[in-house]
There are 2 protein chains.
Amino acid sequence: MSPKPRATDVKARLVEAAIRLLDDDGPEALQARKLAAEVGVSTMAVYTHFGGMAALVDEVARAGFLRLSAWLAEVGETDDPVADVFSLARTYRQAVAEQPQLFAVTFGQSAPGGKRATLSDLTTEEGREAAQEGLVAFEHIVRATERAIEAGRFRPVDKYQAASQLWSALHGFVTLEASGHFGPGEQGIDHILIPLGVTLAVGLGDTVDRARRSAGAAVATWRARNGNAGQGGND
Amino acid sequence: MSPKPRATDVKARLVEAAIRLLDDDGPEALQARKLAAEVGVSTMAVYTHFGGMAALVDEVARAGFLRLSAWLAEVGETDDPVADVFSLARTYRQAVAEQPQLFAVTFGQSAPGGKRATLSDLTTEEGREAAQEGLVAFEHIVRATERAIEAGRFRPVDKYQAASQLWSALHGFVTLEASGHFGPGEQGIDHILIPLGVTLAVGLGDTVDRARRSAGAAVATWRARNGNAGQGGND
DNA sequence: CTCAAATACATAACTCGGTTATGGATCCAT
DNA sequence: ATGGATCCATAACCGAGTTATGTATTTGAG
């Protein structure tokens, strides 16, 4: 009745191979034949486990969100919620910068086959799950925003509304930076992202002075945690 | 020596058909055979005029930027530069909302074949031209920002830097909205985009009061120009 | 322990879509 | 008019997703 499938890990290995090949060789590496060869199985494995390439790609997208959520979760909370917002932004950006191909898929910018119109009308079940994971990542921003409001740094507006503003700005920056605007390396961070964060914080109610100090605190935290590289670093 | 090619318009007709089919049938309609059939030629026309589908798609992307630039140019300038920023944002959003498929291609979110890693390493000549057109669209935002600084509404920061902040936020909002977040219809505009604009304006130096008035003025201008629909409009 | 059902997967063929090879028709300059 | 180049129709090629089919292996039941 319920012949539990053998505990092989072919499914997981396919996704792992997909992510690895994706970052190494670009989106065109996301091919059933290549992945199957990499894992050492036939292309049929893709269909028994996923039903098709689309679902496998959605699973890769979901993996991106999961990785992002995990990374954002590591940021943690300090007693300066605005600094935490900056840290979340820096982390979000770093994740995308380190695995641009993966997040291009995750954000639907590079769907092999040109599918995926909007996140709302996703076809596969895996796709809907991926969208859910995206909301989990968003929750981290909501939390920090909420604390900033509670701390009196932001005006008492709806936290989801304020968080959506921050998310829009952050996501837009990351997207445009990944597209090549704002120059290579860390340029965009100093010239655009941090000033953008200050602008938003001030616009949401913080003072210029406190916002700048929080930005500086986040930078210090970042350097302490990731080494003070990134000066001449080309990523 | 210079056998000027016959003045047929097959090339333009192919791009037009691509845009039309794209909006009607989605990205999967961007196929050499479908386009050729639509125009009434063979697939070879794609290769004589573009060299391949990739270049044709880049031309479609460029058409999106051109359309966006043209639309933004129509906004014009009033004596309230901050209101003009709101109007530009509203227009930018509207263009994407009306032709989401086109701009998904333009912004590289839906490249048939899964190409296009970053805008910086575009392969085809058309692709580079498309990127150039994107900068033209950006210039409209720079102009309005510059005038806002000159008018004393924004602090005297670098206009490109300030405009990049606005652009990031705007582009992020539009992208996320097109992905289905912020709900359908005009919801996102009232709940997120306009508050986001106020936040940014205030953060850049404007007062809350003046920023809100400018937002209101832009809304009034928009309604006057496009009819006061959009109340229950589902786009 | 045996057996039936279901799962996992190999092999190979099918389909669709981008691309290329080839040849003919048309247009322009000389 | 004629040579060369462009445009494009026909048809074949090729890569990649998918499907058809068969087999082995695992699982649960008796």
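**A tour of the predicted model**

Select A:Ala137 first: setting aside residues within four places in sequence, its contacts are A:Phe65, A:Leu68, A:Ser69 and A:Leu72. The model on screen is a predicted one. A:Ala137 sits in helix α7 of chain A, residues 125–150. A:Ala137 counts as buried because 23 C-beta neighbours lie inside 10 Å, the cut-off being 20 or more.

Next, select A:Val60 and B:Val60. In the largest nonpolar core, which has 131 residues, these two touch the most other members. Around A:Val60, show A:Val15, A:Ala18, A:Ile19, A:Leu22 and A:Val105, which it touches when residues up to four places away in sequence are not counted. In soluble globular proteins, nonpolar side chains tend to be buried together.

Move to chain B and select helix α5, residues 81–98. Is this helix mostly covered or mostly exposed? Of the 18 residues in α5(B), 15 are buried, so by the cut-off of 20 or more C-beta neighbours within 10 Å it is mostly covered.

Last, select α8 (residues 159–178) and α9 (residues 187–203), both of chain B; their axes are 11 Å apart, at an angle of about 170°. The two helices are therefore roughly antiparallel. From α8(B), show B:Gln165, B:Leu166, B:Ala169, B:Phe173 and B:Glu177; they meet B:Gly188, B:Ile192, B:Leu193, B:Leu196 and B:Leu200 of α9(B). Seven of these contact residues are nonpolar, two polar and one charged.

Conventions:
Residues numbered from 1 in each chain as written. Chains lettered and ligands numbered in written order. Predicted model: local features only at pLDDT ≥ 70, side-chain atom pairs only at ≥ 80, totals over all residues. Axes fitted to C-alpha atoms, helices over the stretch in contact; angles between N-to-C directions. Helix = DSSP H or I, 4+ residues; strand = E, 2+ residues; numbered from the N terminus. Parallel < 35°, antiparallel > 145°, perpendicular 65-115°, else oblique. Contact = placed C-beta atoms within 7 Å. Nonpolar A, V, L, I, M, F, W, Y, C, P; charged D, E, K, R; others polar. Expected span 1.5 Å × (residues − 1). Buried ≥ 20, exposed ≤ 12 C-beta atoms within 10 Å, placed from the backbone. Core = buried A, V, L, I, M, F, W, Y, C linked by C-beta atoms within 7 Å.
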